[in-house]
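Visitor: I am new to this structure, and I would like to learn how to read it step by step. Could you show it to me and then take my questions in turn?

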Amino acid sequence: MDKYKTKSNKRTIPLIPLRGLSIFPYMVIHFDVGRDKSVNALEEAMVNDSLVFLTSQKQAKIDMPTEDDFYEVGTICKIKQMLKLPGDTIRVLVEGINRAKVREILQDEPFFEAEVEELIYEAEMEPDKEMKAMMRIVMDDFDKYVSSTENLSSDILVSVSEIKEPGRLADVISSYIQLEPESKQKILEAFNPYKRLETLHIILEEEIEVLEIEEEISSRVKDQINRVQKEYYLKEQIKAIQKELGQEEGLDAEVDEYIEKIEEIDMPEEVKEKSIKEAERLRRLSPSSAETGIIRNYLEWVIELPWDTETKDKLDIKKARKILDDDHYGLKDVKERILEYLAIRKLAKNMKGPILCLVGPPGVGKTSIAKSIARSMNRKFVRMSLGGVRDEAEIRGHRRTYVGAIPGRIISSMKKAKSRNPVFLFDEIDKLSSDFRGDPASALLEVLDPEQNNTFTDNFLEVPFDLSKVLFLTTANSLNTIPRPLLDRMEIIRISGYTEDEKKEIAKKYLVSKQRKEHGLTEDNISLSDNTLKAIIENYTREAGVRELERNIANVMRKVAKKIVEEKAKSVKVNTRTLSKYLGPAKYMRSEEKTSDQIGLATGLAWTSVGGETLSIEVTPMPGKGKLQLTGKLGDVMKESAMAGISYIRSKTNELGIDKDFHTNMDIHIHVPEGAIPKDGPSAGITMATAVISALSKKPVSGDIAMTGEITLRGRVLPIGGVKEKVLAANRLGIKKVLLPWDNKKDFDEIPDKVKKNIEFEFVKNMDEVLEHSLVEVQSNDN
Ligand code: ADP
């Protein structure tokens, strides 16, 4: 049993279904009525007690509702006023009296008539605690609702708070709030006042939450709008200030120009996006900001790189041969190898062959051959020296965060090349070193690797640049110091030093005319005879290549040019007698006399990165405790081979006529004088042993002999490398006899015939033979 219920009442009453409208008791409201049935119902009411039963249609759009189309619970209302409007519409003013429920539809024509039951609650009944609490809760809800919506004035709160009857309170509040029709109907259907308040509370809670969310969203949107407006406003202000300061254009014009240029270049999408982004960043900066310089620098680099420019390869082997011949004297084998290499490239265009490495002493034409390769392929040429490159950043560049950062040397060289498929020469790849700043060799490996170099990424650029179309070449003086992984990628072509005759020919056919041209002289102005060239080579140069020679010729030309301008001379003759006027006193003298035979002094042949060299080894024994002292620029391997020599001598003291205790009562000092380039390698073994034996046995070493060979503990002579370079060096010094290891006989072919005529060669198998040829038997006069 409902504890608040008192009595119920049934009555017969005309019914009007309402569209989109719910009416609560106590509510006063007007609405328009147009449908015939509704008008009939109104008329019927007016002739009786002015009461109608108003109930909501479940769906507003239905025009001719049947009894299933409206809710059973509605409100009995008193018609207060009726006003006929133009047309058949009537405006009515009604007041809600009490809720009621349809028991039965008695008729549906000419109007709906129903029997309804109303439940009357004791309005005057004093609400209990529970009810009071519920009333307070709902009042609170309503308070919140009013404060979070703008549709209701807070005055309403005052009038509502005076309502003492619980049911009425719920009804009045319900009439004020905006709700879905379904929600209103729910409240209407709650006959029990407590239940009604409860229903209202649930609905209000939900409604408040929605309102709060709405509020939050709208304030967020407002915030955003405010910010956008603020930004716009500030930007306009900046523009106004700039205008005032005469910087009207800002960076816009410049940025547009950059973007236009970027758009014109056919570069990878990624690069384009990145650089346009940078350009846009520039736009947002103030012209005085330091960052603008950094971005400009970046954009200039990007724009100037050859993303889409390349030269068209023209690879005609006949023409290539002509170019190589035109530029270089001799080098027959080298030229053949290069032509083969080019032919393969022509046939297998996409084959990524090994990287050519031209190895040889300085000044033998490695760079100039690389240039000819570029010329014969119709490609641009760039050269990058790796000498002393230790920092990986030199290759890969510094990040832009570094002040004054620029791209690494690869990208800089590509910019210089102005073409994305140049011939790219890495000069002196053997001089690459590494330290704590990363490993430049590994960066280089990536550059040379056809699998990886299409996405070479420089730290400064931050975007990949395709190096896959570049033809890489390398040069080195020696192979010893080239990192192994790099060496594995390369095909070695050796270029050895030139004989004096070859040098003379090179000078005559190439260097003289080249330098003449460079100094603006003609053949009539200056001539250099063969003898003069020979004198330059012999007295002013000592080198494997022709670099010094070319420099000396250039010196002559410069002085001649000066003379012609100053003295108005037509032609100048430079001959052997006048040469010193141009080049100063001779730097190197070649003594024609036979070098004297000396005790404890032997001449060895060494092979350094600049070519062959002779080296004198001096040995002085002195009383002591068997210490072995080595001085001069000696490498570790050389020290070991000195030790091996000593061990051999100890085992042979008898045969050699040496005191068998020399290693305990003598100190031996071995010195290798002269030469800035450290010498290393075991090939001085027999020379050191010979010098020591000579010193200990007091037998002099022949002065016009030079030797090279590794020594074993038992005195065998092992083969060595660089035969040709060493022999050329011996020839330069006028040595008459050279001892070479037996196993180097195979290298004999390499030696130019001209040199073979000058020098007598002996191939030796062991130390006995070495000594046989090198020691001079002196008449013993000590018996
Ligand atoms: P590398 O690169 O081996 O140190 P370069 O290529 O710089 O030597 O050569 C030095 C100079 O000598 C260049 O002017 C070069 O043209 C010239 N040269 C070297 N070898 C020859 C040669 N066989 N014929 C003509 N000129 C040569």
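Guide: What follows is a conversation about domains, backbone angles, salt bridges and charged patches.

Guide: Please keep in mind that this is a predicted model, in which local features need pLDDT of at least 70 and side-chain atom pairs count only at pLDDT 80 or more, while totals for chains, interfaces and linings use all residues. Residues are numbered from 1 along each chain as its sequence is written, and side-chain values use heavy atoms, with hydrogens and water left out.

Visitor: Into which domains is the chain divided?

Guide: Domain bounds come from an automatic or database domain assignment. Here the chain is divided into domain 1 (4-123), domain 2 (250-304), domain 3 (317-494), domain 4 (500-583) and domain 5 (601-774). The centres of domain 1 and domain 4, taken over C-alpha atoms, are separated by 127 Å.

Visitor: What should I look for in the backbone angles?

Guide: Most residues other than glycine have a negative phi, and most peptide bonds are trans. In this model, Ser 50 has a positive phi of about 65 degrees although it is not a glycine, and Lys 418 likewise has a positive phi, near 60 degrees. The peptide bond from Glu 109 to Pro 110 is cis, with omega near -10 degrees.

Visitor: Where do Ser 50, Lys 418 and Pro 110 lie?

Guide: Helices (H or I, at least four residues) and strands (E, at least two) are DSSP runs, numbered from the N terminus. Ser 50 is in the loop between helix H1 (36-47) and strand E3 (51-56), Lys 418 is in the loop between helix H14 (409-417) and strand E9 (423-427), and Pro 110 is in the loop between strand E5 (90-107) and strand E6 (112-121).

Visitor: Is Ser 50 buried or exposed?

Guide: Buried means under 20% relative accessible area, exposed over 50%, and partly exposed in between (1.4 Å probe, protein chains only). Ser 50 counts as buried at 16% relative accessibility, whereas Lys 418 is exposed, with a relative accessible area of 61%.

Visitor: How many salt bridges does the structure hold?

Guide: Side chains of opposite charge can pair when their charged atoms come close. A salt bridge is a side-chain nitrogen of Lys or Arg within 4 Å of a carboxyl oxygen of Asp or Glu, and the structure holds 42 salt bridges. One of them joins Lys 274 to Glu 462, with the closest N and O atoms 2.6 Å apart. Lys 274 lies in helix H8 (residues 269-284) and Glu 462 in the loop between strand E10 (456-457) and strand E11 (464-465), so the pair ties together parts that are 188 residues apart in sequence. Glu 462 is partly exposed, with a relative accessible area of 32%. Lys 274 and Glu 462 also belong to a network of salt bridges that includes Glu 278, Arg 281, Glu 291 and Arg 400.

Visitor: Which residues form the positive surface patch?

Guide: Patches are made of residues with over 30% relative accessible area and no salt bridge, and like charges are joined within 9 Å. Lys and Arg count as positive and Asp and Glu as negative, while His and the chain ends are not counted. The positive surface patch is formed by Lys 312, Lys 314, Lys 319, Lys 346 and Lys 349. Lys 349 is in the loop between helix H11 (332-347) and strand E7 (355-359) and is exposed, with a relative accessible area of 65%.

Methods: Patches are made of residues with over 30% relative accessible area and no salt bridge: like charges are joined within 9 Å, nonpolar side chains (Val, Leu, Ile, Met, Phe, Trp, Tyr) within 5 Å. Accessible areas come from the Shrake-Rupley method with a 1.4 Å probe; for residues, only the protein chains shown count as cover. The place of a charge is taken as NZ of Lys, CZ of Arg, CG of Asp or CD of Glu.
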